[in-house]
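Please keep the sequence and the structure in view while reading.

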Amino acid sequence: MLRSIYLGIGWILVAGVFYISLIPHPPEPVSFEGVDKLEHALAYATLMLIFCQVYLSPNTRKILFVCFVAMGVGIEFLQGLSGYRFFEYADMLANTTGVILGWGLAQTRLGNLLSTIENYAHH
């Protein structure tokens, strides 16, 4: 049950990343130099870590890694083609950094948090 909820949350967040990344005027948070790169990294780290909760296989996690890096790169190309957003290599790097961070966190106890919660719930 929790896996389905996590998967649903994950796909909603993927859709949210696409939406925020491709609308003409995304919301502007409290601003400081580089805040957008931090947002990119946190978003992609969150995506990677959530999906790693559902998919525990190392091979599946490798596929997720490649897919999220490709998503981050692809969105930048779509922004460049949009005419109202900008293509930035620095955003690609921030997205990829986030994926790496999420993957790294998934190798710790955080990577099995959902399984741990489910085990406690069944006892």
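Predicted model: local features only at pLDDT ≥ 70, side-chain atom pairs only at ≥ 80, totals over all residues.

In soluble globular proteins, nonpolar side chains tend to be buried together. Here the largest nonpolar core holds 14 residues, and the members that touch the most other members are Tyr 44, Leu 47, Phe 68 and Met 71. Two or more residues of this core come from each of the elements α1 (2-22), α2 (35-54), α3 (58-82) and α4 (89-106), and α2 gives the largest share, six residues.

**Aromatic pairs**

The aromatic rings form four pairs by the rule applied here. One of them joins Trp 11 and Phe 51 in an edge-to-face arrangement, with 5.3 Å from centre to centre and 80 degrees between the planes. Because Trp 11 belongs to helix α1 and Phe 51 to helix α2, this pair ties together parts that lie 40 residues apart in sequence.

How buried or exposed are the two partners, Trp 11 and Phe 51? The table gives the relative accessible area of each residue, where under 20% counts as buried and over 50% as exposed.

| Residue | Relative accessible area | Class |
|---|---|---|
| Trp 11 | 53% | exposed |
| Phe 51 | 3% | buried |

Trp 11 and Phe 51 also belong, together with Phe 68, to one aromatic cluster, and Phe 68 is named among the residues that touch the most other members of the core.

Terms used. Residues numbered from 1 in each chain as written. Heavy atoms only, no water. Core = buried A, V, L, I, M, F, W, Y, C linked by side-chain atoms within 4.5 Å. Buried < 20%, exposed > 50% of the residue type's maximum accessible area, 1.4 Å probe, protein only. Helix = DSSP H or I, 4+ residues; strand = E, 2+ residues; numbered from the N terminus. Phe/Tyr/Trp six-rings, centres within 6.5 Å; stacked < 30°, edge-to-face > 60°.
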